[in-house]
Amino acid sequence: RLAYQERNACEDVEKRLELQREINESQEAEAADLKGRINYGLNGLLLTSAEWHEKNPQACKKYFLFPTFDELKAYLGAFWPAYFGDKVPEAKRFATSLPGKKLTHFEKCLMTMMRLHGSGERLFDLKTIWNRSEKSISKAIKLWAPKFGRIGNMLSILDVPEEYHVASCPQPFKDANMEKIGGLVDGKVIMTAENRQNSPLKRAAWSDKVHHGGMIVLQFCTPCGLIFHHGPVTYGRASETMLIKHEGENSSPLRLAQKCRNGDVVEHEWPRRLGKIPKGWHMLVDRGFAKHSMFYPNKNLHLFPSFAGKRKQFTKIERGKDKTLCKLRWVNEANFARMLYVRSLQDIVPWGFIPLIPAAVSWGFAMSNLQQPFYKTAPPVAPTPAPVAPQEMDDSSSEDEGEDDEGQDSMQVDSDEDSSAEEDRDAPAKRLLSPNRPGQGSPSGVQRNSKKQKNGSILPMWRRMW
């Protein structure tokens, strides 16, 4: 009996040891798996870890479009102080969760940013990285994408006073005598996949600009590159004229009446949309926007490249003027290139991502404004008067000052420009507006070209087209 009891006790000890050995092996396997994931695999624990971002400094720029992880958290605290502000407890501010638990606000925010511009990860990729179901990830993105769109509108739809235009005018615009440019406008078509199930939507998305289905958006920026307004994202079939007309019809100023303590009522007014261009300032546009001045509340003059019409080629004066205009309009294209840092908008956007395009466009324009400015403007310096030679005084006195009879002497101006181009073929048309005008941007004070003037003014041409 004693031997039987001893044998049973030994068997029980061996079973316990075997069970403990199995538990230890499973724990060691889990630890090795977790260690391998932390060292080699990309997952949600790594993307929310500040130590990992210090070892991989390029990851934050790649997935979240911010230079460093600390800068990302600082911006999130400024955008949504209720979730990531300084008053939020540190345990909840940038917290993470375990698989199977409820997602935190920080994880939902990072998921949405990866969906927007982390190379446009698919839901399956996000499911693998964050170890969550596609349904949970879709709900998080649906909740946070409009938040990014609202922040993007706050950073890209701005009130720009006239003093800012004067102080931020870049030197290339001053060299071209275009200090009175109040804005530049251009359109961008984001190509999308075609909807083969709904024929009306397929026709509405077709764009003649890219000969493909897409969504179109307009962008307005200052000469220094600051985006101060952008239109709504619409189907590609909408023309630029239709979009500008829509913006003009909804450009009434925003008025707010406020009652003071002494009983007086003070009314504040803020311009909106096309009304943000100050009166007396001009727009630098492409040929597609040449005839849109009538839609602006202040009827701002539009400067645009020449039209060939029925002619076979442009004149030398027109080529020089158009070259200067195209050089100054590069800020529009640069802003659209920065918008495409949101990589989900590149190439052909899949049909499932189309509901997120408005939020992605607004966020892309916001990120463009947060980048380094295009120009570094110096403080304004008072111009020194240059000595006037007697010959220049004779030339200026001999110029025609009758600006009202444009229809009668337009042929004479054309002959003068052609003769000046033949006389000096090496002199480019550097100046777009005459430097001796009494009022900047005012067409009434611009002088005519003379045969001896090398850098001819092209404003008479603009006035005939106007």
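How many salt bridges does a search of the whole structure find? The search finds ten. The structure is a predicted model.

- Helix α8 runs over residues 105-117 and has 13 residues.
- From its first C-alpha to its last, α8 reaches 18 Å, close to the 18 Å expected at 1.5 Å a residue.
- Twelve of the 13 residues of α8 are buried, so the helix is largely enclosed by the rest of the structure.
- Charged side chains are included in the buried set of α8, among them E107, K108 and R115.
- The buried residues of α8 also include F106, C109, L110, M111, L116 and H117.
- K108 lies in this helix and is buried, yet has no salt bridge.
- The nearest side chain of opposite charge to K108 is that of E107, 8.5 Å away; a salt bridge would need a side-chain nitrogen within 4 Å of a carboxyl oxygen.
- With its neighbours within four places in sequence left aside, K108 is in contact with L103, A140, L143 and W144.

**Helices α9 and α10**

- Helix α9 covers residues 123-130 and helix α10 covers residues 134-156.
- The axes of α9 and α10 come within 9 Å and cross at roughly 105 degrees.
- The two helices α9 and α10 are therefore roughly perpendicular to each other.
- On the α9 side, the contact is made by L123, F124, L126 and K127.
- On the α10 side, the contact is made by E134, I137, S138 and I141.

**Salt bridges**

- R273 and E247 meet through their side chains in a salt bridge, at 3.7 Å from N to O.
- This pair links distant parts of the chain, with R273 and E247 26 residues apart.
- E247 sits in helix α14 (residues 240-249), whereas R273 sits in the loop between β7 (265-270) and β8 (282-284).
- E247 counts as buried at 2% relative accessibility, whereas R273 is partly exposed, with a relative accessible area of 27%.
- R311 and E318 form another salt bridge, with their closest N and O atoms 3.1 Å apart.
- R311 counts as partly exposed at 35% relative accessibility, whereas E318 is buried, with a relative accessible area of 7%.
- D322 and K321 also meet in a salt bridge, at 3.0 Å from N to O, and both residues are buried.
- Salt bridges also link D86, E90 and R93 in a network.

**Positive phi**

- Most residues other than glycine have a negative phi.
- H211 is not a glycine but has a positive phi of about 55 degrees.
- H211 is found in the loop between β2 (206-207) and β3 (212-221).
- H211 is exposed, with a relative accessible area of 57%.
- R273 is also a residue other than glycine with a positive phi, in this case near 50 degrees.
- R273 is placed in the loop between β7 and β8 and takes part in the salt bridge with E247.

Technical notes:
Residues numbered from 1 in each chain as written. Predicted model: local features only at pLDDT ≥ 70, side-chain atom pairs only at ≥ 80, totals over all residues. Heavy atoms only, no water. Helix = DSSP H or I, 4+ residues; strand = E, 2+ residues; numbered from the N terminus. Expected span 1.5 Å × (residues − 1). Buried < 20%, exposed > 50% of the residue type's maximum accessible area, 1.4 Å probe, protein only. Contact = heavy atoms within 4.5 Å. Axes fitted to C-alpha atoms, helices over the stretch in contact; angles between N-to-C directions. Parallel < 35°, antiparallel > 145°, perpendicular 65-115°, else oblique.
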